[in-house]
Amino acid sequence: MPELLIVRHGQASFGAENYDALSDLGHRQSVLAGESLRATGWQPDRIITGTLDRQIDTAKAMGFALAPEQHPGLNEYDFQDLLRAQGQADSFQDPRDDRKAHFRRLRDTVHAWMRDEIAGTAETWASFAARVEDARSFAISGDAKRVLVVSSGGVIGQMVATTLGGQVETMMTLNLQIKNTALTRFVYSARGFYLHEFNSAPHFATADGAPLISYS
């Protein structure tokens, strides 16, 4: 069966002027993910990213020869915009200051967005869910047998939750678990679309690789 393999981008640059750039760790994670796939003989015959720099640069660092396509439906939701709409943008703190508090706030804010409790956002929850589905449909169109997608945690969480038929909040539970450059694999046919593997990271499954795990 054809495979859709979605990789979460490498670690972004928290605290830097341009958050969307890969950190040095994020670049290393991406190189290792590509090397790990090639070591198993897995080669994509189609590559798709969102339009965010951290997604594009992850795909580039993975080192496959194909030129990636782009689909904006693979872009992450805008947490900063959600905070702005809540009037809390000025109170945003670098997640390195208190990671647990940051991720609790992220979860609670996205849950409120899902319930349509945040007015004035640039994108509604319904619009986000619709564009993720559009991106999924785009990725599995055509004749490619191995499709590599580089996206973000929220998109991957939403795609998995929808595939499994989970409650809407399941998306965020999954989102917060997804490691940078982890692999989530689906298989599909005319009969259906199925989750085959979630959040795996064989490239970190060594003594040297374990310290490279990150979630942001």
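Two residues are in contact when heavy atoms of theirs lie within 4.5 Å. By that criterion, residues 24 or more positions apart account for 69% of the contacts in the chain with a separation of 6 or more. The model described here is predicted. It contains seven helices and six strands, arranged along the sequence in the pattern β-α-β-α-β-α-α-α-β-α-α-β-β. The radius of gyration is 17 Å, close to the 17 Å that the globule rule gives for 216 residues, so the chain is as compact as a globular protein of that length.

**Overall dimensions and surface**

- The C-alpha atoms fill a box of roughly 50 × 40 × 25 Å along the principal axes.
- Of the 216 residues in the chain, 52% are buried.
- The accessible surface of the chain is about 10,200 Å², and carbon and sulfur atoms contribute 50% of it.

**Nonpolar cores**

- The largest nonpolar core comprises 36 residues, and those with the most contacts inside it are Leu4, Tyr77, Val110 and Met171.
- Elements that supply two or more residues to this core include strands E1 (3-8), E4 (146-151) and E5, together with helices H3 (79-85), H4 (99-114), H5 (125-139), H6 (153-164) and H7.
- Helix H4 gives the most to this core, with six residues.
- Apart from this core lies another, of twelve residues, among them Leu5, Ala59, Leu148 and Val150.
- Beyond its neighbours within four places in sequence, Tyr77 is in contact with residues including Leu106, Val110, Trp113, Phe128, Met171 and Met172. The contacts of Tyr77 also include Glu123, Arg131, Gly154 and Asn175.

**Helix H2**

- The buried residues of helix H2 (residues 53-62) are Arg54, Gln55, Thr58, Ala59, Ala61 and Met62.
- Viewed down the axis of H2, these buried residues fall within an arc of 165°, so they line one face of the helix.
- Cover for the buried residues of H2 includes strand E1, helix H1 (24-39), strand E2 (46-49) and strand E4.

**Asn180**

- Asn180 is found in the loop between helix H7 (170-175) and strand E5 (183-189).
- Asn180 has a relative accessible area of 0% and is therefore buried, the cut-off being under 20%.
- The side chain of Asn180 reaches the backbone oxygen of His9 at 3.1 Å.
- Neighbours within four places in sequence aside, Asn180 is in contact with Arg8, His9, Gly10, Gln11, Gln29, Phe204, Ser214, Tyr215 and Ser216.

Terms used:
Residues are numbered from 1 along each chain as its sequence is written. This is a predicted model: local features need pLDDT of at least 70, side-chain atom pairs count only at pLDDT 80 or more; totals for chains, interfaces and linings use all residues. Side-chain values use heavy atoms; hydrogens and water are left out. Helices (H or I, at least four residues) and strands (E, at least two) are DSSP runs, numbered from the N terminus. Buried means under 20% relative accessible area, exposed over 50%, partly exposed in between (1.4 Å probe, protein chains only). A polar contact is a pair of N or O atoms within 3.5 Å; within protein, one must be able to donate a hydrogen and the other to accept it, and residues adjacent in sequence count only if both atoms are side-chain atoms. A nonpolar core is a set of buried Ala, Val, Leu, Ile, Met, Phe, Trp, Tyr and Cys residues joined through side-chain atoms within 4.5 Å. The arc is that of the directions from the helix axis to the C-beta atoms. The radius of gyration is taken over C-alpha atoms; the globule rule is 2.2 Å times the number of residues to the power 0.38. Accessible areas come from the Shrake-Rupley method with a 1.4 Å probe; for residues, only the protein chains shown count as cover.
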